[in-house]
Amino acid sequence: MNLAEIINKLNDAQSQAVALDSVHNALVLAGAGSGKTKVLTHRIAYLVTQKNVHIDAILALTFTNKATNEMRERLSMLLKRPIGNMWVGTFHGLAHRLLRAHPAAANLTAQFQILDAQDQSRVIKRLMKENQIDEGQFPIKKMQWFINQQKDEGIRPADIDAGSNYFVKKSLEVFVLYEKYCNDNNLIDFAELLVRSYELLKNNPELLTHYQRRFEHILIDEFQDTNTMQYQWVKLLFNGENKMFCVGDDDQSIYSWRGAKIENIVKLETDFMPLKIIRLEQNYRSTGYILKASNALIAHNKNRMGKSLWSDSGDGELIDLYEARNEVDEADFVVSSIQKYIDNGVLANECGILYRSNAQSRAFEERLIKYNIPYTIYGGLRFFERAEIKDALAYLRLIENNSDRVAFERVVNFPTRGIGNATLEKIREFAQINQTHLFQAAINIAPTLPIRAANALTGFIQLIEQMQNATKNLDLPAKVAYLIEASGLVAHYANDKTSSKTENLEELIAAAKQYTHEDDNDMSKTMGFIALASLDSSGESNMLATKNVQLMTIHSAKGLEFSHVFLTGLEEGLFPSRQSQDEPHLIDEERRLCYVGMTRARQKLTLSFATKRFLHGQSIYAYPSRFLSELPKPHLNPIQQKYGVIQKNYQQNDTFNQSQAKGDLSIGRTVKHAKFGFGTILNFEGVGDSTRVQVKFKTAGTKWLISSYANLKFV
DNA sequence: TATGAGCGGATTTTT
DNA sequence: TCCGCTCATA
């Protein structure tokens with residue numbers, strides 16, 4: 001491939017980035033639809049074919065497996081060869097690879113296993129029960145959140161000073177128990193993959209030097225999504241000789257609640273000098289009005305790096321805006337519009353229905369069914385997260401490695417075989433005292449048990465041993481095929497005709513057949529497959545090509561595009577969500593989310609909101625989202641409600657935060673509550689006796705109150 | 001050990 | 001309202 005071939009189809013900014021000199025590190029601010037993946041892949045192709053950089057000297061990091069797969073595919077096409085075990089992967093995937101390559105130096109045995117979020121929760125739950133920590137007071141979710149948050153920041157229990165905060169104290173206690181459990185059982189959770197591989201390099205200078213020298217070029221996708229640990233991780237690999245090439249878009253940062261730090265983009269300027277900032281602002285995706293409206297929206301955010309998308313593809317159609325009476329009306333409008341598009345030749349899978357929260361999908365589903373339009377909903381359990389799949393994998397793990405505790409606990413009594421809690425406790429206790437693993441403990445303890453329990457347990461031990469023997473010489477797919485039968489899983493689900501569990505188990509064999517094992521040389525094929533199941537739980541090497549209308553949250557739509565997009569539920573309290581209402585920085589993130597949603601559309605964008613919505617078992621009245629009033633009116637095409645209700649001129653509510661009179665209630669007004677004291681009205685919704693008021697109290701925090709009960713006094 | 005009543009909680013979820 | 005989880009019961 002020659003230079004012209006690489007550069008030809010790029011615009012100025014893109015080719016400037018691709019052919020950047022060998023002196024600078026780069027921050028490429030790539031707006032939505034500006035050809036970010038193209039720049040990344042072409043940069044690599046440029047380095048390899050023009051600068052004679054060896055492909056092993058390149059480290060390319062993404063966040064999702066989807067992005068990784070796409071990049072690998074495009075790269076092998078550009079380079080016209082398979083890229084095999086080139087270091088192109090997700091942060092977690094490559095961290096995992098490092099640990100597999102050097103387990104001992106990372107204080108792990110070679111058989112260490114990944115603990116996914118579900119397993120993690122189960123472990124925490126057990127530990128809390130064993131140590132009499134009350135789940136009611138200290139919810140498992142919160143404990144799990146606490147632990148992961150610390151790890152994402154690279155914080156170990158020893159680094160935490162709980163002070164006098166009882167909740168932190170207890171959380172720390174759980175953290176300590178959890179960490180001990182993981183260390184004792186060779187378990188690595190997602191966050192730990194990063195921390196541990198970071199420590200591996202940090203504590204082994206010669207290893208670190210090796211990788212610093214090896215990776216002459218480090219490229220990172222979606223840089224705005226890096227968390228503290230990921231930033232530290234790449235910073236550690238940077239020695240000043242090698243070059244960083246970061247691509248990101250601060251306006252599309254929508255995961256700060258998961259620990260992503262937009263500030264990392266700013267830190268680049270000091271930590272990776274000399275840095276060249278390149279902006280990709282030409283958009284190849286959306287038509288003019290969509291782009292201008294999106295620009296206008298995001299301009300309301302403070303602290304941006306600054307960027308303005310433009311396009312030469314013309315204004316296109318105006319953005320439709322529909323005010324629905326309720327969520328059913330909204331769904332009917334959206335689905336009947338889709339029907340019209342389809343009738344006019346638009347492919348159903350080019351229509352995307354986007355919403356803020358999963359609960360909103362229901363109304364759309366019902367309408368789609370009514371109109372007989374096939375649809376696909378994204379979200380929910382993914383293939384490798386399904387119970388029956390995890391059960392099968394647990395058998396596979398146990399056969400592969402008897403000492404796998406998580407696997408043992410999962411299937412020792414599933415399908416049920418009469419091994420109860422009492423027996424299990426004895427096994428755990430024996431293992432603890434004798435410093436052995438559960439399977440060995442089971443073997444030792446079985447003869448000492450009462451006859452029924454002894455038989456049950458011996459049955460399980462023999463089952464595993466027999467499966468081990470039978471599968472010794474089988475390849476992976478045959479192994480899986482054998483074990484789903486022999487374990488009794490297939491039989492267990494056989495008479496369950498309502499679910500697709502049996503089909504899923506069959507599907508697991510297909511997944512095993514497809515698994516290529518090309519880039520995991522440090523593991524056996526079986527181990528590689530097991531790891532893949534944790535690291536890429538989607539179970540699809542590529543996004544399923546469907547002909548269906550696509551329904552998903554805006555978060556999951558990031559990175560996707562549709563010719564026709566419906567961005568729905570644009571109501572205060574829903575989008576932006578109620579939880580973000582008091583916090584300007586959270587509102588900014590909601591606004592970015594809205595920006596992401598809008599910029600998914602190529603040709604046609606339709607926005608909608610409902611004045612009344614049935615949510616959590618009650619009707620909620622809501623105002624149109626403030627984001628709507630931030631869009632330039634000339635770019636919008638308000639659509640008259642189908643049932644002839646007079647449309648309110650919501651655009652008059654230009655600044656939502658300003659006082660909106662409603663009887664005595666007005667936003668910003670000071671009130672006094674008998675118990676909570678003085679406060680300011682932040683918001684209110686509903687009418688008559690069901691009016692709810694949000695008040696920010698000076699001392700009692702922010703609360704929603706029913707105004708007819710709260711007896712607020714105006715001051 | 002399988003089922004159902006009763007409960008609390010209900011944004012978003014890359015790995 | 002609806003889902004997931006716990007606990008009591010047969």
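Predicted model: local features only at pLDDT ≥ 70, side-chain atom pairs only at ≥ 80, totals over all residues.

Q: What holds the strands of a sheet together in general, and in which sense do S2 and S3 pair?

A: Strands of a sheet pair through backbone hydrogen bonds, and the pairing is either parallel or antiparallel. Here S2 and S3 pair in the parallel sense, over four bridges. Leucine 59 has tryptophan 87 as its bridge partner in S3.

Q: In what order do the six strands of this open sheet lie?

A: The order is S3-S2-S6-S7-S1-S8, with parallel pairing. At the edges are strand S3 (87-90) and strand S8 (275-280), each of which pairs on one side only. From one strand to the next, the twist averages 15 degrees.

Q: Which strands does helix H4 touch, and how is the helix directed relative to S3?

A: Helix H4 (residues 65-78) packs on the sheet and touches S2 and S3; its direction makes about 155 degrees with that of S3. Helix H5 (residues 91-101) lies across S2, S3 and S6 and runs at about 120 degrees to S3.

Q: Are the residues of S2 buried or exposed?

A: Burial is judged from relative accessible area, with under 20% counting as buried. Five of the five residues of S2 are buried, so this strand is largely enclosed by the rest of the structure. Ile58, Ala60 and Thr62 point one way from S2, whereas Leu59 and Leu61 point the other way.

Q: How many strands form the other open sheet, and in what order?

A: Seven strands form it, in the order S11-S12-S10-S13-S14-S9-S17, and the pairing is parallel. Strand S11 (375-377) and strand S17 (636-639) stand at its edges with a single partner strand each, so one side of each has no neighbour in the sheet. Neighbouring strands are turned against each other by 20 degrees on average, direction ignored.

Q: How many bridges join S13 to S14, and which helices pack on this sheet?

A: Strand S13 (residues 562-567) and strand S14 (residues 601-610) run parallel and are joined by five bridges. Valine 565 has leucine 605 as its bridge partner in S14. Helix H14 (residues 327-343) packs on the sheet, touching strands that include S9, S10 and S12, and its direction makes about 160 degrees with that of S14. Helix H15 (residues 361-371) also packs on the sheet; it touches S10, S11 and S12, and its direction makes about 160 degrees with that of S11.

Q: Which side chains lie by a phosphate oxygen of DNA strand B, and which by a base oxygen?

A: Glutamine 579 has a side-chain N or O atom 2.4 Å from a phosphate oxygen of DNA strand B. For histidine 555, a side-chain N or O atom is 3.5 Å from a base oxygen.

Q: Which residues surround DNA strand C?

A: They are Lys125, Arg362, Phe614, His616 and Gly617. This surface divides into one nonpolar, two polar and two charged residues. Of the atoms of DNA strand C within 4 Å of the protein, 53% belong to sugar or phosphate and the rest to bases.

Q: Where is glutamate 388 found, and is this residue buried or exposed?

A: Glutamate 388 is found in helix H16 (residues 387-400) and is buried, with a relative accessible area of 3%. Its side chain makes a polar contact of 2.7 Å with the side chain of asparagine 504.

Conventions: Residues numbered from 1 in each chain as written. Chains lettered and ligands numbered in written order. Heavy atoms only, no water. Polar contact = N/O pair within 3.5 Å; in protein donor to acceptor, adjacent residues only side chain to side chain. Pairing = 2+ DSSP bridges. Helix = DSSP H or I, 4+ residues; strand = E, 2+ residues; numbered from the N terminus. Axes fitted to C-alpha atoms, helices over the stretch in contact; angles between N-to-C directions. Contact = heavy atoms within 4.5 Å. Buried < 20%, exposed > 50% of the residue type's maximum accessible area, 1.4 Å probe, protein only. Near = heavy atom within 4 Å. Nonpolar A, V, L, I, M, F, W, Y, C, P; charged D, E, K, R; others polar.
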